[in-house]
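Please look over the structure below before reading on.

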Amino acid sequence: MSKVDAQTLAEWDHRFIWHPFTQMAEWLREAPLIIERGEGAYLYDVHGNRYLDGVASLWCNVHGHRHPALDAALHDQANRIAHSTMLGLSHAPAIVLAKELVQRAPATLTRVFYSDSGATAVEIALKITAQYWQLVGEPQRTEFVSLTEAYHGDTIGAMSVGYSETFHRFHKPFLFPCHKLDPPHVFRWHRGLSEESALDAALSEAHSFFRERGAHLAAMIVEPLMQGAAGMWRHEVAYLRALRMLTQEHGVLLICDEVATGFGRTGKLFAVEHAGIEPDMMCLGKGISGGYLPLAATLVREEIFSAFLGPYEAFRALFHGHTYTGNPLACAVGIASLEVFEREHVLDNVSARARQLEQRLAKDFVPLAHVGDVRQWGLMAGIELVTNRASRLPYPASERVGHKVVLAARRRGVILRPLGNVIVLLPPLCITEQQLDELCQVTWESIREVTEHHTS
Ligand SMILES: Cc1ncc(COP(=O)(O)O)c(C=O)c1O
């Protein structure tokens with residue numbers, strides 16, 4: 001690509017691009033920040049300015065940008081072939097990565113169905129569920145249940161189970177119905193209960209729901225331990241364990257969507273490990289390729305896979321696939337990423353940095369007048385800003401408080417992206433002690449700058 005100067009790029013961006021999850025009227029009023037390159041936990045823009053990547057390039061970067069081992073795997077594979085289909089053919093990177101994933105995943109998960117984004121991994125889990133129950137002679141199991149404010153991606157099925165009024169209301173007529181259970185966070189934060197009573201209330205709701213609808217349920221889908229896009233809604237392992245027990249008792253499949261929590265984010269390779277549970281399916285994306293390339297996978301129990309077997313003419317096969325499913329470049333980088341986890345003791349760094357983050361959050365952020373709550377699992381944290389801590393009154397959307405904090409942090413050399421008024425800290429797992437200090441310091445200063453004159 002011939003070099004285009006920074007100003008022309010900015011003009012062309014405004015003229016030709018429609019950015020995702022972006023109010024373009026606002027975007028077109030601001031100069032776009034155009035990234036040219038990355039190095040470890042830092043991003044560099046077209047003017048040479050350096051920024052700490054505080055949200056791991058939308059929660060996917062794991063070992064940093066331009067990691068030598070991942071770059072080498074990418075180049076090595078590019079020297080062989082960039083893409084070849086998984087429909088009717090196979091290739092070494094997909095085969096080896098599948099074996100490596102199965103070895104590391106909960107023992108019940110033995111089959112890997114590839115795709116290319118978190119939403120497609122979820123969509124596939126839903127389609128497998130729907131077909132599975134018909135194939136095994138329980139066609140009455142057609143209903144799904146998920147958690148209030150769950151987010152599972154933006155395709156039609158994923159929106160149906162992950163419905164958010166703010167994001168998806170225009171598409172509501174096109175979505176299928178899905179039951180909702182309130183997670184403990186709703187009881188605690190929105191209804192003012194203590195942590196313990198919130199858990200009890202959520203469990204009691206779940207028990208009565210399963211007693212009522214259990215026989216008709218096809219699957220429950222959950223983001224284990226942390227509902228990311230809801231605003232970092234954390235729950236305890238006890239809740240996840242209870243959901244596993246309830247689904248098992250009622251013969252319902254449990255799908256764990258580890259698109260955000262997977263690959264070390266919460267301190268274990270997969271969040272379900274904290275709870276010691278084994279789901280029936282697991283959706284993986286984001287960090288699966290170290291955050292390099294679009295890749296996703298739906299991991300499935302052997303018994304579910306077996307139900308799809310039969311003579312060709314019975315048409316029991318799963319008729320689902322995408323052109324770039326299991327792309328060889330992405331799979332090769334995925335294998336290298338798993339090797340780096342072990343070679344560089346990445347999870348040890350996550351534990352140390354998570355403790356550091358927990359201390360900083362408690363010491364510096366909790367006392368701030370406009371911080372209503374902080375929630376964290378590993379290197380995944382949300383700082384909820386409120387106009388008034390006692391009444392938990394949220395800032396009106398029109399004040400764009402989260403966005404203002406992002407702009408203040410950017411001026412100080414840190415990239416953040418909020419979820420409404422929740423400031424998200426989700427750095428690459430390779431972040432060092434000093435870089436994490438920088439991230440916390442800048443975020444703290446930015447929150448103070450934006451909120452300190454606010455009275456209400
Ligand atoms: C839990 C969860 N599931 C699914 C998705 C969708 O992933 P993608 O954006 O790759 O489609 C996301 C994205 O943030 C997510 O957090």
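How many salt bridges does the count come to? The model is a predicted one, and in it the count comes to 28 salt bridges. One of them joins Arg-244 to Asp-280, with the closest N and O atoms 3.0 Å apart. Arg-244 belongs to helix α11 (residues 237–249), whereas Asp-280 sits in the loop between α12 (272–275) and β11 (281–284), so this pair ties together parts that are 36 residues apart in sequence.

Next come the domains. The protein is divided into two: domain 1 (33–63 + 345–451) and domain 2 (71–343). To the contact, domain 1 gives 31 residues and domain 2 gives 33 residues.

The size of an interface is often given as the accessible area lost when the parts come together. Between domain 1 and domain 2 the buried area is about 2700 Å², and carbon and sulfur atoms give 62% of that area. On the side of domain 1, the residues that lose the most area to domain 2 are Arg-375, Trp-377 and Met-380; together they make up 29% of what that side buries.

What polar links run between the domains? Domain 1 and domain 2 have 18 residue pairs in polar contact between them. Several elements of domain 1 give two or more residues to the side that touches domain 2: the helices α3 (56–59) and α15 (346–365), and the strands β13 (371–377), β14 (380–388) and β17 (422–425). Sorted by class, that side of domain 1 has 20 nonpolar, seven polar and four charged residues. The count of salt bridges between domain 1 and domain 2 is one. Arg-188 also forms a salt bridge with Asp-373, and here the closest N and O atoms are 2.8 Å apart.

The last topic is the ligand. Which residues are around the ligand? They are Trp-59, Ser-117, Gly-118, Ala-119, Tyr-151, His-152, Gly-153, Glu-223, Asp-257, Val-259, Ala-260 and Lys-286. A polar backbone atom of Gly-118 is 2.8 Å from an oxygen atom of the ligand. For Ala-119, a polar backbone atom is 2.9 Å from a ligand oxygen atom. With Lys-286 the side chain takes part: an N or O atom there is 3.1 Å from an oxygen atom of the ligand.

Note on methods. Residues numbered from 1 in each chain as written. Predicted model: local features only at pLDDT ≥ 70, side-chain atom pairs only at ≥ 80, totals over all residues. Heavy atoms only, no water. Domains from an automatic or database assignment. Contact = heavy atoms within 4.5 Å. Buried area = accessible area lost by both parts, 1.4 Å probe. Salt bridge = Lys/Arg side-chain N within 4 Å of Asp/Glu carboxyl O. Polar contact = N/O pair within 3.5 Å; in protein donor to acceptor, adjacent residues only side chain to side chain. Helix = DSSP H or I, 4+ residues; strand = E, 2+ residues; numbered from the N terminus. Nonpolar A, V, L, I, M, F, W, Y, C, P; charged D, E, K, R; others polar. Near = heavy atom within 4 Å.
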